[in-house]
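Here is a short report on one protein model.

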Amino acid sequence: NTCSPDVSADDFYNTVNEDSEIYLYPNPIKNEFTIHYNNRTSETFVVKIYTSTGNLVKTKISQGHDVTIPMEEQPCGYYEAKIITKYNTFSLTFLKQ
């Protein structure tokens, strides 16, 4: 299953939240991606992955700074990663090719 949408990595500049130091990489993805959350206290955070139609497909809990999420079983398309911390919720969009 191969996707070849007409986008470039520049279309996903918003995947870096510099104020809170949250990064999603690589983007676009093939089989997995990593979210780096530079929280100073290593607090627990939750990552929820939604399809472009709003269906929840994955939930992962992480304590620390990095969480890698496998996506090989998901079809190509756009997804939203919601990062939920004790005080905030952040949303990042990514493309699975």
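Two strands pair if DSSP finds at least two bridges between them. Helices (H or I, at least four residues) and strands (E, at least two) are DSSP runs, numbered from the N terminus. The model is predicted: local features need pLDDT of at least 70, side-chain atom pairs count only at pLDDT 80 or more, and totals for chains, interfaces and linings use all residues. Residues are numbered from 1 along each chain as its sequence is written, and side-chain values use heavy atoms, with hydrogens and water left out.

Start with strand E3, residues 32-37. E3 runs antiparallel to E6, and 5 bridges join the two. A hairpin connects E2 to E3 through 6 residues.

How buried is E3? Buried means under 20% relative accessible area, exposed means over 50%, and partly exposed lies in between (1.4 Å probe, protein chains only). Of the 6 residues of E3, 5 are buried, so the strand is largely enclosed by the rest of the structure.

Pro26 sits in the loop between E2 and E3. Its relative accessibility is 44%, which counts as partly exposed. Contact means heavy atoms within 4.5 Å. Not counting residues up to four places away in sequence, Pro26 touches Glu32 and Phe33. Pro26 and Lys96 are 70 residues apart in sequence, yet their C-alpha atoms are 10.0 Å apart.

**The open sheet**

Another group of strands forms an open sheet of 4, in the order E5-E4-E7-E8, with antiparallel pairing. Which strands stand at the edges? They are E5 (56-63) and E8 (89-96); each has a single partner strand, so one side of each is left without a neighbour in the sheet. Neighbouring strands here are turned by 20° against each other on average, direction ignored. Those angles are taken between axes, which are lines fitted to C-alpha atoms (for helices over the stretch in contact), and angles run from 0 to 180 degrees between N-to-C directions.

E7 covers residues 77-84 and is joined to antiparallel E8 by 8 bridges. Ile84 has Thr89 in E8 as its bridge partner.

Ser62 lies in E5. Ser62 is buried, at 7% relative accessible area. Its contacts, not counting residues up to four places away in sequence, are Glu43, Thr44, Phe45 and Val67. Thr93 belongs to E8. Thr93 is partly exposed, at 31%. Thr93 and Ser52 are 41 residues apart in sequence and 9.3 Å apart in space, C-alpha to C-alpha.

**The nonpolar core**

A nonpolar core is a set of buried Ala, Val, Leu, Ile, Met, Phe, Trp, Tyr and Cys residues joined through side-chain atoms within 4.5 Å. The largest one has 18 residues. Those with the most contacts inside it are Phe33, Ile35, Val47, Ile49, Met71, Ile83 and Phe94. Two or more residues each come from E2 (22-25), E3 (32-37), E4 (44-51), E6 (66-70), E7 and E8.

Ile49 has contacts with several parts of the chain. Among the residues it touches, not counting those up to four places away in sequence, are Phe33, Val57, Ile69, Met71, Tyr79 and Phe94.

**Aromatic rings**

Rings of Phe, Tyr and Trp (its six-membered ring) pair if their centres lie within 6.5 Å; planes under 30 degrees apart count as stacked, over 60 as edge-to-face and the rest as tilted. The structure holds 3 aromatic pairs. Two of them are tabulated.

| Pair | Centre to centre | Angle between planes | Class |
|---|---|---|---|
| Phe33 and Phe94 | 4.5 Å | 40° | tilted |
| Tyr37 and Phe45 | 5.2 Å | 80° | edge-to-face |

Phe33 in E3 and Phe94 in E8 are 61 residues apart, so this pair links distant parts of the chain. Phe33 is buried at 0%, and Phe94 is buried at 0%.
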